[in-house]
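Hi,

Here is the model I said I would pass on.

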Amino acid sequence: MFVAWMEPSSTALGKTKELIKHGRERIEQTIKASGSRLCLYAERVAFLMDRSRSPDKSTQPSTPTDNINLGPSANPNAKPTDFDFLKVIGKGSFGKVLLAKRKCDGTFYAVKVLHKKTILKKKEQNHIMAERNVLLKNVKHPFLVGLHYSFQTSEKLYFVLDYVNGGELFFHLQRERCFREPRARFYAAEVASAIGYLHSLNIIYRDLKPENILLDCQGHIVLTDFGLCKEGMEQEETTSTFCGTPEYLAPEVLKKQPYDRTVDWWCLGAVLYEMLFGLPPFYSRDVSQMYDNILHKPLQIQGTKTVAACDILQGLLHKDQKRRLGAKTDFHCLGKSFPHSLSLQPPTRDTWG
């Protein structure tokens, strides 16, 4: 009986060992899998903890990898906290212009603040740098707003500009509807001087309009906003980019033909006409109709204006750019049309009429 009892027990023991062996192998596999998951979990926790301890990138100063080359205008020691920002005085596609007071000396500036992300997203770095280049050259001319210096953070560019506190010409035109001829001639002469200076540097402006003409505290004009300027434009050189403001576009721009620096003289004619008559020369609320007027409608000069005023308007607003006033000798030709304007004192309220 003893032997009979032992035989089945030996078989059962063998099966039990096999079960134990398989069980141990499954337990080891489970432990290994759990260990891998635990390690992965531990790595994730460590990553999140490191991330939470790291400061926000947006609060860090700019590094060489996110810097934009500001050239000779750059002031590496300047920072936003150098200024008290008082109010917004202008807005644009890439940022805003703020009235700012520098803390160290109480000087007021117009600070243009641009968002790097927006500039890079729209691939406008070249236009922004072209504007900076023009601004750097403007400090040598009294009728162009100048750049004092620039700086940047990881997210923004800052251009520290002259603050011109007399308001936009557009505002004064809206309030008074139109100007008397002596006043319009004075402003047009100073604008012509500013445009002529840019042309002498082989720069065309391309966006002359009352909103971009400021008045300083003494009544002189100051041209601003150089975002659409084109550099490297020799006397006979042309470009073909379609840009500008609808009411002031020259016919050759609308036709998408190559154009030269005479587009600026067309715009000056349109602004002078608006100063004298209250609206741009070919204005219509219907933009398509306005474009057709610019291309085909003859210039109409109403009211009693001097022969000199009529002649300069006809010359500046000639639809053929090769026959337009300023086409041959640029500002030297226009200077004859403003014989004494640049030597006159700025208009005052007594002479505005």
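Predicted model: local features only at pLDDT ≥ 70, side-chain atom pairs only at ≥ 80, totals over all residues.

Residues are numbered from 1 along each chain as its sequence is written, and side-chain values use heavy atoms, with hydrogens and water left out.

**The chain overall**

The secondary structure comes to 11 helices and 7 strands; these are DSSP runs numbered from the N terminus, with helices being H or I of at least four residues and strands E of at least two. The chain has 353 residues, and 41% of them count as buried. Buried here means under 20% relative accessible area, exposed means over 50%, and partly exposed is in between, with a 1.4 Å probe and protein chains only. Taking contacts between residues at least 6 apart in sequence, 64% join residues at least 24 apart, where contact means heavy atoms within 4.5 Å.

**α7 and its two partners**

As background, two packed helices are described by the angle between their axes and the distance between the axes. The axes are lines fitted to C-alpha atoms, for helices over the stretch in contact, and angles run from 0 to 180 degrees between N-to-C directions.

How do α5 and α7 pack? Helix α5 (residues 181-200) and α7 have their axes 10 Å apart, at an angle of about 165°. That is why the two are roughly antiparallel: under 35 degrees counts as roughly parallel, over 145 as roughly antiparallel, 65 to 115 as roughly perpendicular and the rest as oblique. α5 passes α7 in a right-handed crossing; a crossing is right-handed if the near helix is turned clockwise from the far one by less than a right angle, and left-handed if anticlockwise. The contact involves, among others, Ala 184, Tyr 187, Ala 188 and Val 191 of α5, and Trp 265, Leu 268 and Leu 272 of α7. By class, the contact of α5 with α7 has 11 nonpolar, 2 polar and 2 charged residues. For the classes, Ala, Val, Leu, Ile, Met, Phe, Trp, Tyr, Cys and Pro count as nonpolar, Asp, Glu, Lys and Arg as charged, and the others, Gly among them, as polar.

And α9? Helix α9 (residues 307-316) packs on α7 at about 140°, with the axes 8 Å apart, which makes α7 oblique to α9. Their crossing is left-handed. On the α9 side, Ile 312, Leu 313 and Leu 316 meet α7 residues including Trp 265, Trp 266, Gly 269 and Phe 277. This contact has 10 nonpolar, 1 polar and no charged residues.

- Ala 270 sits in α7 (residues 262-277) and is buried, with a relative accessible area of 1%. Leaving aside neighbours within four places in sequence, Ala 270 is in contact with Tyr 248, Pro 280, Pro 281 and Leu 317.
- Thr 262 is also part of α7 and is buried, with a relative accessible area of 1%. Not counting residues up to four places away in sequence, Thr 262 touches Glu 252, Gln 321, Arg 324, Gly 326 and Ala 327.
- Gly 196 belongs to α5 and counts as buried at 10% relative accessibility. Beyond residues up to four places away in sequence, Gly 196 touches Trp 265, Asp 330 and Phe 331.
- Lys 117, in helix α2 (residues 116-121), counts as exposed at 71% relative accessibility.

Most residues other than glycine have a negative phi. Arg 206 is not a glycine, yet has a positive phi of about 75°. Arg 206 is in the loop between α5 and β6 (213-215), and is buried with a relative accessible area of 8%. Asp 225, likewise not a glycine, has a positive phi of about 65°. Asp 225 is in the loop between β7 (221-223) and α6 (251-254), and counts as partly exposed at 34% relative accessibility.

Cheers
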